[in-house]
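Please read this briefing alongside the sequence and the 3D view.

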Amino acid sequence: MLPEERRRHILQDIETGNAAEVGALSEKYAVSEMTIRRDLKVLEDDGHIRRAHGGAIRLTSSTVEPRYAAKQKVNASRKERIAQYVAEQLVSDGDIIILEGGTTVTSLAHRLTVRPGLTVVTNGLYTTNELRHLLPHVSVICTGGILRDVSFTYVGPTAERFFQEFHANKLFLSGTGLTLEAGLTDPNMLESQLKRAMISAAGTTIIMLDSSKFGVQSLTTLVHPGRGNILVTNDDAPPDVIEQLYARGVDVRLVPGA
């Protein structure tokens, strides 16, 4: 069993009983307790659990914001599949697009190809760097603002004012988690304010969210997905949640392979 698959099963175990002991998980998955502790550390960095003495408990509400480098490693293959689908299916010639600076959307930046008339705007330092392969054939614009050391994204009044004067036809957006009650959520208020400004500046919001983030609720709501939104996720996302999103008019795209 691959580490990502094992962590997914461990999270399901914790969700079922709301707690799990290191020893029991070690025996169940036939790996060392040290390996289980590393798995729990990854799940904690991703904001899914809180480690406790001898085990872990599930977080249904979290203000944990993992550092960028930690998020890059979590569910990387899922994010890559989502990004590849979006790059091939949802970016067109002449688009003016906004990319927020999270790891899933930055994975999309790496996969974009040169298209006539394409303009890309981002608030992400790493995202900007990933877009350099498109130069000089594609216009790349960075917002500027206050650079955060956790996410390496620009936030604050300067970045927010930028989007008051900017208009795009598509925004590619992610978040820390999604629930039907709270919508798409994020843990940092400055980041959330800027993402709401992005939503206001774009015609269509396309949410890129790997399936591990379903059921996770963070501090602030970015958007309640509804009619006019597109959600791209993995095909192992919770079927009951996907069905209700369809019922709300969300255009859900399920990407094969987890």
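Which residues are linked with Arg7 in a network of salt bridges? Arg6, Arg7 and Asp39 form such a network, a salt bridge being a side-chain nitrogen of Lys or Arg within 4 Å of a carboxyl oxygen of Asp or Glu. The model is predicted: local features need pLDDT of at least 70, side-chain atom pairs count only at pLDDT 80 or more, and totals for chains, interfaces and linings use all residues. Residues are numbered from 1 along each chain as its sequence is written, and side-chain values use heavy atoms, with hydrogens and water left out.

**Salt bridges**

- Side chains of opposite charge can pair when their charged atoms come close.
- The count by this rule is 11 salt bridges.
- Asp39 pairs with Arg7, with the closest N and O atoms 2.9 Å apart.
- Asp39 belongs to helix α3 and Arg7 to helix α1 (residues 3-17), so this pair ties together parts 32 residues apart in sequence; helices (H or I, at least four residues) and strands (E, at least two) are DSSP runs numbered from the N terminus.
- Asp39 is buried at a relative accessible area of 1%, and Arg7 is buried at 19%; buried means under 20% relative accessible area, exposed over 50%, and partly exposed in between (1.4 Å probe, protein chains only).

**Bridges of Asp236**

- Arg8 forms a salt bridge with Asp236, the closest N and O atoms lying 3.7 Å apart.
- Since Arg8 is in helix α1 and Asp236 is in the loop between β14 (230-234) and α10 (239-247), the pair ties together parts that are 228 residues apart in sequence.
- Asp236 also forms a salt bridge with Arg78, where the closest N and O atoms are 3.2 Å apart.
- That pair links the loop between β14 and α10 to helix α5, 158 residues apart.
- Arg8 is partly exposed at 27% relative accessibility, as is Asp236 at 32%, whereas Arg78 is buried at 1%.

**Helix α5**

- The 14 residues of α5 (residues 76-89) should span 20 Å at 1.5 Å a residue, and the end C-alpha atoms are 20 Å apart, which agrees; the expected span is 1.5 Å times one less than the number of residues.
- Its buried residues are Ala76, Arg78, Lys79, Ile82, Ala83, Val86 and Ala87.
- Viewed down the axis of α5, these buried residues fall within an arc of 165 degrees, so they line one face of the helix; the arc is that of the directions from the helix axis to the C-beta atoms.

**Val31**

- Val31 sits in the loop between α2 (22-29) and α3 (33-45).
- Val31 is partly exposed, at a relative accessible area of 21%.
- Not counting residues up to four places away in sequence, Val31 touches Arg6, Ser26 and Ile36, contact meaning heavy atoms within 4.5 Å.
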